[in-house]
Amino acid sequence: MASIKTTKMSNFRWVICGLLFLATTINYMDRQVLSLTWKDFIAPDFHWTDDDYGTITGLFSVFYAVANLFAGKFIDWMGTKKGYLIAIFVWSVGACMHAACGWGAIGLAGGSIVALTTISVYLFLACRMILAVGEAGNFPAAIKVTAEYFPKKDRAFATSIFNSGASVGALAAPATIPLLARAWGWEMAFIIIGVLGFFWMGLWAWLYDKPARNKRVNQAELNYIEQDSDIAEVQDRENVKEEKTIPFWQCFKYKQTWSFIVGKFMTDGVWWFFLFWAPAYFSDVYHYTSDSPMGILLIFTLYAIVTVVSIGGGYLPKYFVESRGMNPYLGRMRAMFIFACFPLLGLLAQPLGAYSAWWPAILIGFLGAGHQAWSANLYSTIGDMFPKSTIGTITGIGTMAGGLASFAINKGSGAFFTWADGKGEMFSFFSFEGKPAAYMVVFSICAVAYLIGWFIMKSLVPKYKPISVE
């Protein structure tokens with residue numbers, strides 16, 4: 001009897017996942033430089049208030065939201081290789097440009113403190129706009145690449161891995177950026193972190209191609225990647241067909257699109273609030289500056305919890321699908337309900353913070369882990385429901401909604417904190433007064449947002465219902 005020769009499956013898809021992880025890590029480090037330097041380094045130079053910082057972070061969210069509306073379609077049109085390269089080039093340039101804001105503001109202000117504050121805010125806004133336009137391409141491109149390189153049952157796990165780059169970037173940032181700012185000035189912190197993106201571009205240009213065309217992916221791995229397709233047995237390197245895409249405005253007629261929009265709108269602002277305001281929170285309430293040993297340890301601990309715990313977010317739906325026999329959407333929604341309960345811990349952060357600053361660091365860490373696990377599965381619902389040709393577009397639409405919510409919470413929080421600080425004992429909430437009371441209000445809103453979002457999503461799409469394009 002002749003022996004049957006089998007080819008061991010290559011695993012290059014995990015190298016691609018690693019590149020997505022690295023890009024997301026750089027993305028969030030670039031985004032975090034401002035939040036880790038503004039309170040203790042930039043604000044003293046330019047006399048910024050919380051409201052000024054809220055304006056910058058809030059409008060960054062608007063720029064990001066608008067750019068996402070087009071970024072997904074741009075990635076679908078340009079393709080993941082070129083589109084990703086262009087996106088990271090633009091945001092890396094924007095990140096480095098922040099360094100020039102100080103020199104420009106001082107030169108244009110002419111010695112006036114009021115002018116210095118106003119001009120510096122506008123210059124930072126210009127740089128944040130460029131950063132936002134580039135960063136808007138990251139998640140549409142990464143989600144599209146994940147759908148290209150992983151079958152449905154593995155996508156949430158792969159997404160949770162690359163999405164953990166957000167928390168790893170946020171973890172690495174407090175351990176490096178304040179120290180860079182103290183040693184060489186906040187300007188060099190922007191430049192050093194910004195140039196990391198250019199190194200990534202070289203790796204992406206060298207290693208990425210679509211699975212069917214990538215010489216590092218053998219036929220066995222290609223068959224595994226395409227196992228969900230009805231034509232998996234015939235789709236090989238010589239038989240690659242392009243899917244039809246859904247026109248942009250037609251995407252809005254599907255409840256599946258609105259479900260994703262709701263999921264992003266209700267929860268993205270929570271993550272961005274803690275990303276942008278956590279360092280200021282520990283400085284305002286507990287007086288630990290971002291470059292102090294305790295300040296660094298608190299933020300590092302917070303994001304260490306996010307990083308470690310959130311990885312399970314991709315495994316849980318895989319367990320529901322493979323061990324419990326659920327379809328991908330039902331398993332994902334079951335997992336998302338569990339993760340939507342994590343943020344309820346945020347209700348305890350301020351009360352327990354009266355005993356130690358470690359309590360809010362730990363509880364916000366679990367809240368953030370719940371968000372990242374939720375987010376990995378939320379992104380994967382797009383691949384469950386939509387054809388690959390439209391994934392970038394739907395991702396961009398939903399991320400735009402998340403950006404608008406982020407504007408509301410960041411701009412609103414900045415104005416609210418400035419107002420509450422001025423009111424002092426005249427403003428109280430749950431036995432807290434002044435700015436701590438304002439933090440308690442925002443924490444409470446963040447805590448319940450995920451469960452509200454989950455119930456609305458479930459009502460819009462109660463059952464697994466993928467969309468096909470004829």
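Me: What makes Asp284 a contact of lysine 435?

Reply: Contact means heavy atoms within 4.5 Å. Leaving out residues up to four places away in sequence, lysine 435 touches Asp284, and likewise Lys39, Asp50, Phe417, Ala420 and Asp421. This is a predicted model, where local features need pLDDT of at least 70 and side-chain atom pairs count only at pLDDT 80 or more, while totals for chains, interfaces and linings use all residues. Residues are numbered from 1 along each chain as its sequence is written, and side-chain values use heavy atoms, without hydrogens and water.

Me: Why is lysine 435 called buried?

Reply: Buried means under 20% relative accessible area, exposed over 50%, and partly exposed in between, using a 1.4 Å probe and protein chains only. Lysine 435 has 9%, so it counts as buried. Across the protein, buried residues make up 59% of the 470 residues.

Me: Which helix holds lysine 435?

Reply: Helix 18, residues 434–460. Helices (H or I, at least four residues) and strands (E, at least two) are DSSP runs, numbered from the N terminus. The protein has 18 helices and two strands.

Me: How do you know whether the radius of gyration agrees with that of a compact globule?

Reply: The radius is taken over C-alpha atoms, and the globule rule is 2.2 Å times the number of residues to the power 0.38. For 470 residues a compact globule would be near 23 Å, and the protein has 23 Å, so the two agree. Its C-alpha atoms fill a box of roughly 85 × 45 × 45 Å along the principal axes.
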